[in-house]
Amino acid sequence: MRWIGLLCLVAGCSGPLELAVDLRTDYVPGLEVDAARVSWERVGGQGIGADTVALEGRDLVAGARLVDVRDLEPGAIDVIVTLLRGGVEIASRRTRLEVRDHAAVTVVLTRDCEGVACEGASSECVDGRCVSPECQPDAPERCGPASCAAADDCQAPAVSCLQARCVSRVCLEVPDDGLCEGR
């Protein structure tokens, strides 16, 4: 039995895999969103599973783990993260990846995609622009040019209590140390 385990380690064996799903966003938990629905499905729409996670008190700009998916079979997976407020959909983003080993994916969902309609090969929105579903921080080559390298590369937010921050090559508008409370 030990030899089988060693052979799998050296040669690689397919079988049940694990996937960690993280979220980075500039939507404010407790103010703009209160939960995230995470679903994962085979490319083409065959659902595998879903979970809903409370977001209050989480640092979504720095990134927060939403779910750990277990018992996945290798193959192409779409991870859909939908932000909710009171059960109503606020924003959603699909991220596609090929799961061949245990993996993690960070879904970046930005406020400036509200009202942006994307279709075709660039069907998802990040940072106000249409990108491929394969766009993610671990695959920046699939995202097109970076929107920023530093906060100075981002436009000043329209709301005075927000500040621009460059996170994972995209501009996020984040509350400036509690100055937005009560707005």
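How many cavities of 30 Å³ or more does the structure hold? The answer is one. Before I go further, please bear in mind that this is a predicted model.

The largest cavity has a volume of about 100 Å³. Its lining is made up of 13 residues, and those closest to the centre are V126, C135, C143, S168 and V170.

I turn now to the open spaces, starting with the largest pocket. Its volume is about 220 Å³. Fifteen residues line this pocket, and D59, L60, V61, V174 and P175 are the ones nearest its centre. Which strands each supply at least two residues of this lining? They are β10, which spans 162–167, and β11, which spans 170–175. The lining of the largest pocket includes five charged residues, alongside eight nonpolar and two polar ones.

The second largest pocket holds about 190 Å³ of space. It too has a lining of 15 residues, with S92, C113, E114, V116 and C125 lying nearest the centre. Two strands, β6 (88–99) and β8 (124–126), each provide at least two of the lining residues. Of the contributions to this lining, that of β6 is the largest share, at four residues. Sorted by class, the second largest pocket is lined by eight nonpolar, four polar and three charged residues.

Where is A62 placed? It sits in the loop that runs between β3 (47–54) and β4 (64–72).

To summarise, the model contains one cavity of 30 Å³ or more, with V126 and C135 among the residues closest to its centre. The largest pocket draws at least two lining residues from each of β10 and β11, while the second largest pocket takes its largest share, four residues, from β6.

Technical notes
Residues are numbered from 1 along each chain as its sequence is written. This is a predicted model: local features need pLDDT of at least 70, side-chain atom pairs count only at pLDDT 80 or more; totals for chains, interfaces and linings use all residues. Side-chain values use heavy atoms; hydrogens and water are left out. On a 1 Å grid over the protein atoms alone, a cavity is a set of points where a 1.4 Å probe fits but cannot get out, and a pocket is an open set with protein on both sides within 12 Å along at least five of seven lines; lining residues have an atom within 4 Å of a point. Grid points are joined across faces, edges and corners, and a volume is the space filled by probe spheres set on the points. Ala, Val, Leu, Ile, Met, Phe, Trp, Tyr, Cys and Pro count as nonpolar, Asp, Glu, Lys and Arg as charged, and the others, Gly among them, as polar.
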